[in-house]
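Morning, everyone. I will take a few minutes on one model and then stop.

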Amino acid sequence: MKHQDHIRHHQEIHVVMGNEACDLDSTVSALALAYFLAQSSPAARATFVPVLNIPRADFVLRTETTFLLRDRGIPAASLIFRDEIDLQGLHHAGLLSLTLVDHHVLPGADAALEEAVVEVLDHRPLEQERAPPCQVTVEPVGSCATLVTERIAQGPPGLLDRTTATLLHGTILLDCINLSPAAGKVTPRDVACVALLEERFPELPPRDSVFGALQAAKFDVTGLTTDQMLRKDLKVISSDELALAISGIYVDLEVRLGVGGNRGREWHIGDTTVTPKSLSHLQMFLLRPGLLQDLEAFCQARGYVGLVAMTVSFNERHEPTRKLAVYSQCETLRGTLCRALEEATTPSLHLQPLPSPWPCVGAFAQGNALASRKKVLPILRAALGGPGAAGGPEEEVVPPPTPMNSLVEECPLAQAVPPLCPQDVLERVSRIATGQPPGSPK
Ligand SMILES: [Mn+2]
């Protein structure tokens, strides 16, 4: 049933929705909880709908999520994205109940939906109190999927199926860095939930391979266009008149390994001859076919005066190497930005100029590898000038940055691809989507 029909038939819609970053935790928490609620709620009065809180066009950027759902046989076509459902309209018609997972403060644009919130499941520090009857579960665990797992485990027996368990298991492992205490994210409740899922479903793949595959998928940009690569981990800073994009760049595994059309190829940058094996991540990015046209189109479409691209890679000892490139068609601005980066003292970036294949791109090795984008942003903001630039707003563009993690270098996708499966997931998701109670004939 379409939601317009719900309005016509006065049928209540209960939406379960994650945060606007729509990371794996938000997605899986929404899917698993909506499915559980649909199965466990007594009357089929409401239809439970998991909503992914991004436009469908951005889903391709959440590569760890697309990987896990594809692997579990859940097609993107069965999902419902934020730009496909009129929550305000449903709410105005008095038909919306809203459960928030993996966040609990609605963004300003959604303030009108506040009255519809009936339940919250979140794992970040409580910023907003809600009065009963709204049910609030806010616990400092590593993953919201842990809270969803606990909730399902406390419910009627037999409602946890293998697909849901696989999704929750993978999400907790990814969020809690494979339950590594050293990473500082895992709590005893996350550990207990992973153990519970493994006990109920002994056929779940080993933790290391699940984590490795998800971690690799998160950073894999194979198949993304340059525009999508630039949007995957994008920040924008602006002065009164100018906006500048700063993108973390991840590199295509296939290109890095020199497979496909790149085997045996070589390029000339300045006096240097490079092959795929000797290419740095930055060079690989700069040598993408059609790069200059893509950069220009990217900046023009969004009103950016330029772009700073940053790469990070890690050696066997997990030590980072950082490089950056400054692109702008405006030579003056490009010069200003490059100089500001070269002359910065708080901190000094220790930049070494690198040969660049393009005159409108300045390329540098960043000797101070500890200076992450967080440290580089204020330097660029000051260079961009204009009143208020020093403390100006820094707009985080959805999706937010993918956290850097040295493991990306060592986890080829080859690991752990569990067998593809099941019809029942498809069916189930389409049941949730079309508003049929579980188990009812199609
Ligand atoms: Mn989360």
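I will go through confidence, then the sheet, then the core.

This is a predicted model: local features need pLDDT of at least 70, side-chain atom pairs count only at pLDDT 80 or more, and totals for chains, interfaces and linings use all residues. Residues are numbered from 1 along each chain as its sequence is written.

Confidence, then. pLDDT is the predictor's confidence in each residue, from 0 to 100. The protein chain averages 82, and 78% of the residues score at least 70. Helices here are DSSP runs of H or I, at least four residues, and strands are runs of E, at least two, numbered from the N terminus. Over residues 253–263 the pLDDT is below 50, and it is below 50 over residues 432–442 as well.

Now the sheet. Five strands form an open sheet in the order β2-β1-β3-β4-β5, with parallel pairing; two strands pair if DSSP finds at least two bridges between them. β2 (46–51) and β5 (135–138) are at the edges with a single partner strand each, so one side of each has no neighbour in the sheet.

Helix α5 (residues 144–154) lies across β3, β4 and β5, at about 115 degrees to β4. The angles run from 0 to 180 degrees between N-to-C directions, with axes fitted to C-alpha atoms, for helices over the stretch in contact. Contact means C-beta atoms, placed from the backbone, within 7 Å.

Last, the core. A nonpolar core is a set of buried Ala, Val, Leu, Ile, Met, Phe, Trp, Tyr and Cys residues joined through C-beta atoms within 7 Å. Buried means 20 or more other C-beta atoms within 10 Å of a residue's own, exposed means 12 or fewer, and partly exposed is in between. The largest core has 101 residues, and Leu33 and Val148 are among those with the most contacts inside it. Helix α2 (residues 24–40) gives the largest share, eleven residues. Leucine 33 touches residues including Val16, Val101, Leu121 and Val148. Alanine 38 also lies in α2, and counts as buried because it has 24 C-beta neighbours inside 10 Å.

How values were computed. Contact = placed C-beta atoms within 7 Å. Lists of a residue's contacts leave out its neighbours within four places in sequence.
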